[in-house]
Amino acid sequence: MIDQPNGRGGALRRGRFITLEGGEGAGKSTQVRLLVTRLEERGIEVVATREPGGSAKAEALRQVLLSGAATRFGPRGEAILFSAARIDHVDNTIEPALARGAWVVSDRFADSTRAYQGALGKLDSRLILELERIAIGNARPDLTIFLDIPPEAGLLRVSKRRNGKAADRFEAEGLAFHTDLRKAFREIAKTEPKRCVIVNALAPENDVAAAIWRAVETRLLQTTAKRPRRARRKEAAEERA
Ligand SMILES: Nc1ncnc2c1ncn2[C@@H]1O[C@H](COP(=O)(O)OP(=O)(O)OP(=O)(O)O)[C@@H](O)[C@H]1O
Ligand SMILES: [Mg+2]
């Protein structure tokens with residue numbers, strides 16, 4: 001049985017939350033679009049969103065964060081500003097969608113703060129995790145796809161796409177920073193294997209999309225069918241209560 005969030009006798013099941021992470025030019029935005037289309041073809045309501053941003057007040061902060069204007073607050077201040085944007089995003093976009101049974105697919109989320117602010121500011125990881133706890137509450141991703149690419153290749157894609165326009169605050173960092181970033185993302189995936197999947201983002205677009213879809217199918221769409229019938233009945237009863 002396919003797990004249809006709104007299709008079970010009117011009982012509303014909380015939606016699923018998927019995040020795509022990875023360095024510059026890994027193909028996150030491309031793959032969010034492809035994944036959303038594929039989920040919608042299954043009849044699932046999907047909200048596509050992104051960070052920094054994803055809600056009105058957070059999008060206003062996006063300009064500040066990506067222009068580099070926030071750097072003058074220092075690494076801690078910058079991490080807190082990212083968290084402020086995330087609070088608005090979670091409260092106004094992600095939580096309401098999940099609560100009504102829609103799925104949410106986000107182009108970057110909290111792992112980007114762990115990796116970027118961790119790699120960049122050498123911030124205490126306890127501070128980063130505490131900010132994350134405060135900002136996201138229950139909105140923990142069910143599945144995170146890390147699009148893994150050598151930074152040289154990702155940056156080359158981005159510079160081609162930019163076509164002469166200035167690099168943003170993070171694109172402008174040196175290669176060593178982007179190499180640290182890749183290492184940080186891989187480290188997160190290794191420590192949370194239940195939530196995370198690493199996908200080779202150097203592969204052609206369609207192959208990347210197929211690998212992501214396999215992860216979504218096995219980890220999210222088939223889980224209801226695989227659970228013992230007793231557990232499913234209990235869950236349905238809870239949903240009715
Ligand atoms: N698998 C792929 N192979 C080759 N080129 C790709 C692939 N996926 C995306 N691209 C191209 O690489 C560029 C960057 O892709 P995209 O914007 O999706 O990456 P991103 O991870 O969202 O980047 P950013 O970090 O800048 O937001 C785009 O021009 C896109 O068309
Ligand atoms: Mg993008």
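How many nonpolar, polar and charged residues does the shell around ligand 1 have, by class?

1. This is a predicted model, in which local features need pLDDT of at least 70, side-chain atom pairs count only at pLDDT 80 or more, and totals for chains, interfaces and linings use all residues. Residues are numbered from 1 along each chain as its sequence is written, while chains are lettered from A and ligands numbered from 1 in the order in which they are written.

2. The shell around ligand 1 has four nonpolar, five polar and five charged residues. Here Ala, Val, Leu, Ile, Met, Phe, Trp, Tyr, Cys and Pro count as nonpolar, Asp, Glu, Lys and Arg as charged, and the others, Gly among them, as polar.

3. Helix α2 covers residues 56-67 (helices are DSSP runs of H or I, at least four residues; strands are runs of E, at least two; both are numbered from the N terminus). Its buried residues are Ala58, Leu61 and Leu65 (buried: 20 or more other C-beta atoms within 10 Å of the residue's own; exposed: 12 or fewer; partly exposed: in between; C-beta atoms are placed from the backbone). They cover an arc of only 60° around the axis, which puts them on the same side of α2 (the arc is that of the directions from the helix axis to the C-beta atoms). On the other side, Ala56, Ala60, Gln63 and Ser67 are exposed.

4. Strand β3 (residues 103-107) is largely enclosed by the rest of the structure, because five of its five residues are buried. Trp103, Val105 and Asp107 lie on one side, and Val104 and Ser106 on the other.

Methods:
The expected span of a helix is 1.5 Å times one less than its number of residues.
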